[in-house]
Amino acid sequence: MYLELWPGRVYPLGASWDGKGTNFALFSENATGVELCLFDKEDSETRLTLTEIDNRVWHGYIPGVGPGQRYGFRVHGPFAPSEGHRFNPNKLLIDPYAKAIDGEVINGQENFGYPWDSPDQDLGFSEDDNAHLIPKSVVVDQSFDWGDDQLLRTPFHETIIYETHVKGFTKQQPDIPEELRGTYAGLAHPAAIAYLQSIGVTAVELMPVHHFLTYPGHLVDKGLKNYWGYDSLNYFAPQWEYSADKTPGQQVVEFKQMVKALHTAGIEVILDVVYNHTGEGNHLGPTLSFRGIDNAAYYRLVDDDPRYYMDFTGCGNSLNVRHPQILKMMMDSLRYWVLEMHVDGFRFDLASALAREFYEVDSLASFFDIVHQDPVIADVKLIAEPWDVGEGGYQVGNFPLLWSEWNGKYRDTVRDFWRGEDRTLGEFAYRFTGSSDLYETNGRSPYASVNFITAHDGFTLNDLVSYNEKHNEANGEDNRDGESHNRSWNCGAEGETDDQEVLNLREQQRRNFLVTLMLSQGIPMLLSGDEMGRTQKGNNNTYCQDNKLSWLDWELVSGNAALLDFTRQLIYFRRKHPVFHRRKWFQGRAIHGNTVSDIAWFNPDGGQMTDEQWQDGFAKSIAVLLNGEEIATPGPQGQRIIDETFLMFFNAHYEVIEFALPQGVQDREWEVVIDTKEPDFVEPGTIYTGDKTVPITARSVVLLRRI
């Protein structure tokens, strides 16, 4: 077919339809030629050579081409792997700025820039064409009726995150039509939204939805696939597989409909994003997009041997955050998801890798400076996974202003406390009160700490109290993959058991973890399914398990009704009482000149903790007074905030501990609100006064309310 090709524009990158035609623009610093490849419904290919080059952007405009048009690029240039260049025009490439991608990569040797039988491995040049294996980029119409939808901007200190997977959350949900299960439309279905509202969470944190490599070669032979999605091939297009309607480009509309429906229900949408690496892997990986467009620009190569990649992620490559265009692509992507897709924030996978301009992690790296200055991105929720696999990559507490962090020290401390390890009570107290030792000195608030016990990576809450060891045999790696040091305790039996004593203890431990999580200062994050007792049979690395092992089993709702109801009541309780989600730090100071403080810690004798007792590694029991009668920070309209006062007892010891009521509060009555030895919130009625001791069952939490 005959098509006119006009010069076009440098900006914006990607394919941009203006109602009359489409502009195509592709950045490549080292290319010698670029072909735009258009595909019809029969997959016949028409190639057009882009002759216009400005600012290292190859561009052209085609009148009459519009939404639904499928396309790709072929890029010419030197094939010199030892110099960092891997151009190969035999490979059809996905547009890095494509807003939709039609299908998934089909595994095959044609996708590799070198022949599989090459004696020099990746130094050989492949002449095999791969267009039949590569999904096509799609021109889209960005118009959408958002109505009055806008970002919800739930205050950080009132946020409760629910980490979930678009497919896994609804794949087995019986109240959702089968054709919608596992899709954006499924998550937007009234049954899914009603469930989220019933729990009381304020935000869903969705595991990766950027279009990713579904079938990496190392999983194909095992009959497995990439379920989690941490192998991005594009940072603008929603994952094609999660769309119920497979019409090219429709996934964009369906994603927007999902966001709009969740916003209407008062639920924010946070995306787990993976800007640290891509799915193209190391020097032996396939050529699918970035590698073939400009390998030396997009990837961080070894300085003295650019055949190889710097790998701070354990996934084979690292994006080149030192390059201005790669930084621009990241920022363009983030702004796109906020402005066009209306998402409320981002969780950055292995975020320490984004700070490596040279080798060491630099908290003042360009990426963070740009984010801080951007008027769009600086105004949404930004959450870092504050580590990578490189040297010095563990950076919990070291991210700059505006950033919250997955607090790995919170997870480790709380797990150790409840399994009875000798970890000081002082560290537990820091974690419970928002980790001021990590975040206060650099000007951040308690909500800089995203507190979690479990996440997608690792044991579920059920498995945390049911297994001492990982059981990842289903992954086909002889149980070598996944974390081996899980800080878990099986409560006396490994895995499934009929021992009722063990089962009762496990249920109590789950409640201990949930109460600790939801009543700690900071932002709590609940792993999807923990509220209903989801198990992965001891597998702590289900990245490749796109099956019932990973999907939510909705039959657990009835089987674990008590746990689900307890979780719902607990979240409601947290939201009702501002003393458990303060905006600012506790001061531990006297109020109105008396001896009662906004917070005070006590030993079982009722005396305040001494310096020596804080350091006693063998101590497993402590009490804390949370005074809600005067909270220093005002409400959103400047009003004074007054809450009830609570006394909370933690006992991780294996025996009952009798706690004396602290001096100064013995003249008041205290009512039991929560006792984790019970399967539900305690009915009002149990009262403690005067010098009466409070018996705290072994491995339990008790919360008293002053009346």
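Student: How much accessible surface does the chain have?
Tutor: About 26300 Å², and 48% of that belongs to carbon and sulfur atoms. Keep in mind that this is a predicted model.

Student: How many helices and strands are in the chain?
Tutor: The chain holds 16 helices and 27 strands. Its radius of gyration is 27 Å, close to the 27 Å from the globule rule for 707 residues, so the chain is as compact as a globular protein of that length. Along the principal axes, the C-alpha atoms fill a box of roughly 90 × 55 × 55 Å.

Student: What share of the residues is buried?
Tutor: Buried means under 20% relative accessible area. Of the 707 residues, 62% count as buried.

Student: How far apart are the mean positions of the positive and negative charges?
Tutor: They are 3 Å apart, for 61 positive and 104 negative charges.

Student: Now the helix. Why is α6 described as largely enclosed by the rest of the structure?
Tutor: Helix α6 spans residues 290–298, and eight of its nine residues are buried, so the rest of the structure largely encloses it.

Student: Which residues of α6 are buried?
Tutor: F290, R291, G292, I293, D294, N295, A297 and Y298.

Student: What covers the buried residues of α6?
Tutor: The cover includes strands β2 (21–27), β7 (70–76) and β9 (85–86), along with helix α7 (324–339).

Definitions and conventions:
Residues are numbered from 1 along each chain as its sequence is written. This is a predicted model: local features need pLDDT of at least 70, side-chain atom pairs count only at pLDDT 80 or more; totals for chains, interfaces and linings use all residues. Side-chain values use heavy atoms; hydrogens and water are left out. Helices (H or I, at least four residues) and strands (E, at least two) are DSSP runs, numbered from the N terminus. The radius of gyration is taken over C-alpha atoms; the globule rule is 2.2 Å times the number of residues to the power 0.38. Buried means under 20% relative accessible area, exposed over 50%, partly exposed in between (1.4 Å probe, protein chains only). Accessible areas come from the Shrake-Rupley method with a 1.4 Å probe; for residues, only the protein chains shown count as cover. Lys and Arg count as positive and Asp and Glu as negative; His and the chain ends are not counted. The place of a charge is taken as NZ of Lys, CZ of Arg, CG of Asp or CD of Glu. Contact means heavy atoms within 4.5 Å.
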